[in-house]
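Visitor: I would like to learn how to read charged pairs in a protein model. Could you walk me through one?

Guide: Gladly; let us look at it together.

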Amino acid sequence: MDQMLEKAFESLSVSCNKSGLHALDEDKIKVTLRALHKNGVPIDIESLNTWLVDNNWQQTPRKAIIFWAKAVSSGGRVQVKNKDSALTEKEIWERLNA
């Protein structure tokens, strides 16, 4: 798995509920996936799923993350519900590179 993808999900593992995603968690994950894709980070779906399992993400949030990752990595769109409270792709990318 790409190091930047792993770094992003290590951060998300600390800030998101791994057993049931809150709407703000969903937005954070979606924007992170978009930021990674936009900046050329490969999103290997199989490796990501294995990493999520190994890091104790429960099945329901894991399925959602994989669905969003597939959509983003294939050029599709994912809808952010709370745009006012979500970080931007640029802010996410800057934090990952800090």
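Visitor: How many salt bridges does the structure hold?

Guide: A pair counts when a side-chain nitrogen of Lys or Arg lies within 4 Å of a carboxyl oxygen of Asp or Glu. This is a predicted model, and it holds 3 salt bridges.

Visitor: Which residue meets E26 in a salt bridge?

Guide: That partner is K81, with 3.0 Å from N to O. E26 sits in helix α2, residues 23-38, while K81 is in the loop between α4 (59-73) and α5 (89-96), so this pair ties together parts 55 residues apart in sequence.

Visitor: Is E26 buried or exposed?

Guide: For this we use relative accessible area: under 20% is buried and over 50% is exposed. E26 has 16%, which makes it buried. K81, at 54%, counts as exposed.

Visitor: Which residues are linked in a network of salt bridges?

Guide: The network links R34, K38 and E89. Let us take its pairs in turn. E89 and R34 meet through their side chains at 2.9 Å, N to O. Since E89 belongs to helix α5 and R34 to helix α2, the pair ties together parts that are 55 residues apart in sequence. K38 also forms a salt bridge with E89, and their closest N and O atoms are 3.8 Å apart. K38 lies in helix α2 and E89 in helix α5, so this pair ties together parts 51 residues apart in sequence.

Visitor: What are the relative accessible areas of R34 and K38?

Guide: R34 has 27% and is partly exposed, whereas K38 has 62% and is exposed.

Visitor: How many helices and strands are there in the protein chain?

Guide: To see the wider setting, read the elements in order. The chain has 5 helices and 0 strands, running α-α-α-α-α from the N terminus on. Its radius of gyration is 12 Å, close to the 13 Å that the globule rule gives for 98 residues, so the chain is as compact as a globular protein of that length.

Visitor: What share of the residues counts as buried?

Guide: Of the 98 residues, 38% count as buried. For contacts, look at sequence separation too: among those with a separation of 6 or more, 75% are between residues 24 or more positions apart.

Visitor: And how far apart are the mean positions of the positive and negative charges?

Guide: The chain has 14 positive and 13 negative charges, and their mean positions are 5 Å apart.

Methods: Residues numbered from 1 in each chain as written. Predicted model: local features only at pLDDT ≥ 70, side-chain atom pairs only at ≥ 80, totals over all residues. Heavy atoms only, no water. Helix = DSSP H or I, 4+ residues; strand = E, 2+ residues; numbered from the N terminus. Buried < 20%, exposed > 50% of the residue type's maximum accessible area, 1.4 Å probe, protein only. Rg over C-alpha atoms; globule rule 2.2 N^0.38 Å. Contact = heavy atoms within 4.5 Å. Lys, Arg positive; Asp, Glu negative; His and termini not counted. Charge placed at Lys NZ, Arg CZ, Asp CG, Glu CD.
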